[in-house]
Amino acid sequence: MKRNKKDILFVTVQLLLFVLYGLPLNLGGTVMLWPIIKASAIVITAVGVGIIGLSLLQLNKNLSPFPSPKQNGQLVQHGLYALIRHPIYTGILFSTIGYALYSGSAFKMVIGLLFYLLFFLKSNYEEAKLEGKFKEYEDYRKKTGRFLPKILPKKP
């Protein structure tokens, strides 16, 4: 199956952000944070890693790095996906921002915010593709949150 340019662009930018995040750069210096924030950041990071792992298991054979759904894929609406439409993105955001806070790295914090921007744009594109493939996607989207569970019901 030939990939379109947007799929390749989103995955390339995501990979580039992972590489930049992993580099031992200290651009922007180190931010001194209170110990309670550093301790909370460890928990946020661990929760993020757990969300990623569980999401990968629940997505199973539907997993793809590309935002376009697999040709023979199914819409997963159980487990974490019953609460959040993009839990892998959520886990990555928690992990990257949590570790950035723990390390006090301003550079990693900026990369974490760039991940959020990328995942917002990527999920918009992905959801348009999913709505075209799955007739039930619009109802699923209305009842679940993008990156966090919906707490308050939508007003009519």
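Colleague: How are the helices and strands of this chain assigned and numbered?

Modeller: Helices (H or I, at least four residues) and strands (E, at least two) are taken as DSSP runs, and the numbering starts from the N terminus. The model to which this is applied here is a predicted one. Read along the sequence, its chain has the pattern α-α-α-α-α.

Colleague: How many helices and how many strands does the secondary structure contain?

Modeller: The pattern along the sequence is α-α-α-α-α. The secondary structure of the chain therefore comes to five helices and zero strands.

Colleague: What is the radius of gyration of the chain, and how does it stand to the globule rule?

Modeller: Along its principal axes, the C-alpha trace spans about 50 × 40 × 30 Å. For 156 residues the globule rule gives 15 Å, and the value for the chain is close to this, so the chain is as compact as a globular protein of that length. The radius of gyration is 17 Å.

Colleague: What share of the contacts with a separation of 6 or more joins residues 24 or more positions apart?

Modeller: Contact here means heavy atoms within 4.5 Å. Among contacts in the chain with a separation of 6 or more, residues 24 or more positions apart account for 79%.

Colleague: Is Leu117, one of the residues of the nonpolar surface patch, buried or partly exposed?

Modeller: Leu117 is found in helix α4, residues 106-133. Together with Val110, Leu114, Tyr116, Phe120 and Leu121, Leu117 makes a nonpolar surface patch of about 510 Å². The relative accessibility of Leu117 is 45%, so the residue counts as partly exposed.

Colleague: Is Met32 buried or exposed?

Modeller: Met32 lies in the loop between α1 (5-22) and α2 (35-59). The C-alpha atom of Met32 is 9.1 Å from that of Ser105, a residue 73 positions away along the chain. Exposed means over 50% relative accessible area. Because Met32 has a relative accessible area of 74%, the residue is exposed.

Colleague: With which residue does Arg85 form a salt bridge?

Modeller: Four salt bridges are found in a search of the whole structure. Arg85 is in the loop between α2 and α3 (87-103), and its partner, 42 residues apart, is in helix α4, so the pair links distant parts of the chain. The closest N and O atoms are 2.6 Å apart, and the partner is Glu127.

Colleague: How far apart are the closest N and O atoms of Arg141 and Glu131?

Modeller: Arg141 counts as partly exposed at 25% relative accessibility, and Glu131 likewise counts as partly exposed at 35%. In the salt bridge between Arg141 and Glu131, the closest N and O atoms are separated by 2.9 Å. This pair also links distant parts of the chain, ten residues apart, with Arg141 in helix α5 (residues 137-143) and Glu131 in helix α4.

Colleague: Why are Lys142 and Glu138 separated by about one helical turn?

Modeller: Lys142 forms a salt bridge with Glu138, with 3.3 Å between the closest N and O atoms. Lys142 is partly exposed at 43% relative accessible area, and Glu138 counts as partly exposed at 37%. The separation is about one helical turn because the two residues are four residues apart in helix α5.

Conventions: Residues numbered from 1 in each chain as written. Predicted model: local features only at pLDDT ≥ 70, side-chain atom pairs only at ≥ 80, totals over all residues. Heavy atoms only, no water. Patch = residues over 30% accessible without salt bridge, like charges linked within 9 Å, V, L, I, M, F, W, Y side chains within 5 Å. Areas by Shrake-Rupley, 256 points an atom, 1.4 Å probe, with all protein chains shown as cover. Salt bridge = Lys/Arg side-chain N within 4 Å of Asp/Glu carboxyl O. Buried < 20%, exposed > 50% of the residue type's maximum accessible area, 1.4 Å probe, protein only. Rg over C-alpha atoms; globule rule 2.2 N^0.38 Å.
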